[in-house]
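New notebook page. I want to get to know this chain by looking up one thing at a time.

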Amino acid sequence: MRSSHSHCYSSPQARHWRTRRTTSPGRSPDVDDLVTELGEVRNRGWALEREQRTVGVVCIATVVPYRIPATDALSVSMPAEVASYPGELERIAGVLTKHASAWARELRAEGVR
């Protein structure tokens with residue numbers, strides 16, 4: 001099943017951060033499942049969207065942690081085939097979160113708030 005939405009940065013549409021396809025098109029996810037999954041995203045440091053908007057495309061996103069509440073994020077989209085390689089999602093997510101943290105340090109050093 002696939003969600004019919006996928007904006008990685010819209011708070012009320014947090015269903016777009018889904019890592020599993022647990023909803024059918026046009027249906028909202030179960031609130032308890034969503035809260036659990038958002039907790040997992042916070043702990044992991046990045047979100048994953050698997051073909052929820054476009055078949056064959058996977059997206060990883062992470063916050064640029066220099067503002068509270070967060071206002072900026074970085075994301076990477078890739079073919080689902082690439083995302084299926086063993087360890088590839090974790091490798092890419094690691095690079096993405098590393099660069100988001102570095103960018104946050106640079107923004108803070110420059111006085112961007």
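In the hairpin of S1 and S2, which residue takes a positive phi? I looked, and it is Glu-51, with phi near 50 degrees; the hairpin has six residues between the strands.

**Ground rules.** I am working with a predicted model, where local features need pLDDT of at least 70, side-chain atom pairs count only at pLDDT 80 or more, and totals for chains, interfaces and linings use all residues. Residues are numbered from 1 along each chain as its sequence is written, and side-chain values use heavy atoms, with hydrogens and water left out.

**Overview.** I found three helices and three strands in the protein chain. Along the sequence the pattern reads α-β-β-β-α-α. The chain has 113 residues, and 35% of them count as buried. My cut-offs are under 20% relative accessible area for buried, over 50% for exposed, and partly exposed in between, with a 1.4 Å probe and protein chains only.

**Back to Glu-51.** Glu-51 is not a glycine, yet its phi is positive. I noted the background too: most residues other than glycine have a negative phi, and most peptide bonds are trans. Glu-51 sits in the loop between strand S1 (47–50) and S2. Buried or exposed, I wondered about Glu-51? Glu-51 is buried, at a relative accessible area of 17%.

I came across a cis peptide bond from Ile-68 to Pro-69, with omega near 0 degrees. Pro-69 belongs to the loop between strand S2 (57–63) and strand S3 (73–79).

**The sheet.** I traced an open sheet of three strands in the order S1-S2-S3, paired antiparallel. S1 and S3 are the edge strands, each pairing on one side only. From one strand to the next, the twist averages 15 degrees. To count as paired, two strands need at least two bridges found by DSSP. S1 and S2 have four bridges, and Arg-50 stands opposite Val-58 in S2. S2 and S3 are joined by seven bridges, with Thr-62 opposite Leu-74 in S3. Helix H3 (residues 88–109) packs on the sheet and touches S1, S2 and S3, its direction making about 35 degrees with that of S2. Here the axes are lines fitted to C-alpha atoms, for helices over the stretch in contact, and angles between N-to-C directions run from 0 to 180 degrees.

**Ala-73.** This residue of strand S3 is partly exposed, at 46% relative accessibility. Leaving aside neighbours within four places in sequence, I see Ala-73 in contact (heavy atoms within 4.5 Å) with Thr-62, Val-63 and Val-64.

**The cores.** How many residues make up the largest nonpolar core? I get eleven, including Trp-46, Leu-48, Ile-60 and Leu-96. By nonpolar core I mean buried Ala, Val, Leu, Ile, Met, Phe, Trp, Tyr and Cys residues joined through side-chain atoms within 4.5 Å. S2, helix H2 (80–83) and H3 each give two or more residues to this core, and H3 supplies the largest share, four residues. I also noted a second, separate core of five residues, with Val-64, Tyr-66, Ala-100 and Ala-104 among them.
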